[in-house]
Amino acid sequence: MTTPTGAATVTPERYIEAVAALGPDVWVALSDDIPSDSRTDRAAKSVDRTTAWLGACLAAAAQQPGLAAAAAWAAVQGGQYLHERQRCAEVSQHDAGGLYRWLVAGRGRLRVPYAYQSCPACTNAPLMSRLRLAGSPSPAPLPPARRRWLGSWA
Amino acid sequence: MAGQLGVSGYVVAGLGTGESPEQRQQIVQAVLQRLPAGAPRLLSSVGTPEEVLEAVAQVWGGW
């Protein structure tokens, strides 16, 4: 990464130190993000790096008491290549030992940040019809004990 | 040692970097086929409400 005073190398260990300082409920391992139109050999390298960094991040996190109760998530990379995407998903599970710990307990309800009727997509009849067919007749409160992630909303 | 950590969720990353909407749907579908059914997953770089709803419809349609 570049900084105002030059380039700095971010190792998995340094990354986890920064993550631990933030005290998160959920953290995502380092990954090698590439453009979608990267060549297939670059995508393969991205998957190799991403899965290697996942293992290194998990090992470093195990040394951080502040992350003992945090949930670790893996990034799935691979560009536009479906077989690389699937390889990344599979290796991420195997390298993590298949140990799934559900540590992020949600509280409260998901709040829609603006009036529902003011959202153009929500008045898109074909799309909303698909959602209703898929089993959601209306925005419903989330189950109280399920995990949830609230990301940025454009 | 603070304890052994494992992966409990997944981020479908690296999207929004030039792929077409059709490619994005194929990527998401391919990845979901390989993830544990009950694992939480985050779809990154989905910015507009319509993209969010399209993604939700796609996942539910695959169940």
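A pocket, in the sense used for these views, is an open set of grid points where a 1.4 Å probe fits, with protein on both sides within 12 Å along at least five of seven lines, and its lining residues have an atom within 4 Å of a point. The structure shown is a predicted model.

**Figure 1. The second largest pocket and the residues of chain B that line it.** The lining is made up of Glu19(B), Ser20(B), Pro21(B), Arg24(B), Gln25(B), Leu43(B), Val46(B), Glu51(B), Glu54(B), Ala55(B) and Gln58(B). Two elements of chain B, helix H1 (21-32) and helix H2 (49-61), each give two or more residues to this lining, and H2(B) gives the most, with four residues. Sorted by class, the lining holds four nonpolar, three polar and four charged residues, and the space inside the second largest pocket comes to about 200 Å³.

**Figure 2. Helix H1 of chain B and its buried residues.** H1(B) has 12 residues, which at 1.5 Å a residue should span 16 Å, and the C-alpha atoms at its ends are 17 Å apart, in agreement with that expectation. The residues of H1(B) that are buried are Arg24(B), Ile27(B), Val28(B), Ala30(B), Val31(B) and Leu32(B). One of these, Arg24(B), also belongs to the lining of the second largest pocket, while Val31(B) is among the members of the largest nonpolar core that touch the most other members.

**Figure 3. The largest nonpolar core, with residues from chain A and chain B.** In soluble globular proteins, nonpolar side chains tend to be buried together. This core has 30 residues, of which Ile16(A), Trp27(A), Leu67(A), Tyr10(B) and Val31(B) touch the most other members. At least two residues of the core are supplied by each of helix H1 (12-22), helix H2 (40-61), strand E4 (71-76) and helix H3 (82-95) of chain A, and likewise by strand E1 (7-12) and H1 of chain B. H2(A) contributes the largest share, six residues.

**Figure 4. Helix H2 of chain A and its buried residues.** From its first C-alpha to its last, the 22 residues of H2(A) reach 31 Å, close to the 32 Å expected at 1.5 Å a residue. The buried residues of this helix are Ala43(A), Ala44(A), Ser46(A), Val47(A), Thr50(A), Thr51(A), Leu54(A), Cys57(A), Leu58(A), Ala60(A) and Ala61(A).

**Figure 5. Ala13(B) and its surroundings.** Ala13(B) lies in the loop between E1 and H1 of chain B. Ala13(B) has a relative accessible area of 8%, and because the limit for a buried residue is under 20%, Ala13(B) counts as buried. When its neighbours within four places in sequence are left aside, Ala13(B) is in contact with Ala75(A), Val76(A), Gln77(A), Arg85(A) and Ser44(B). Although Ala13(B) and Ser45(B) are 32 residues apart along the chain, their C-alpha atoms are separated by 7.7 Å.

How values were computed
Residues are numbered from 1 along each chain as its sequence is written. Chains are lettered from A and ligands numbered from 1 in the order in which they are written. This is a predicted model: local features need pLDDT of at least 70, side-chain atom pairs count only at pLDDT 80 or more; totals for chains, interfaces and linings use all residues. Side-chain values use heavy atoms; hydrogens and water are left out. On a 1 Å grid over the protein atoms alone, a cavity is a set of points where a 1.4 Å probe fits but cannot get out, and a pocket is an open set with protein on both sides within 12 Å along at least five of seven lines; lining residues have an atom within 4 Å of a point. Grid points are joined across faces, edges and corners, and a volume is the space filled by probe spheres set on the points. Ala, Val, Leu, Ile, Met, Phe, Trp, Tyr, Cys and Pro count as nonpolar, Asp, Glu, Lys and Arg as charged, and the others, Gly among them, as polar. The expected span of a helix is 1.5 Å times one less than its number of residues. Buried means under 20% relative accessible area, exposed over 50%, partly exposed in between (1.4 Å probe, protein chains only). A nonpolar core is a set of buried Ala, Val, Leu, Ile, Met, Phe, Trp, Tyr and Cys residues joined through side-chain atoms within 4.5 Å. Contact means heavy atoms within 4.5 Å.
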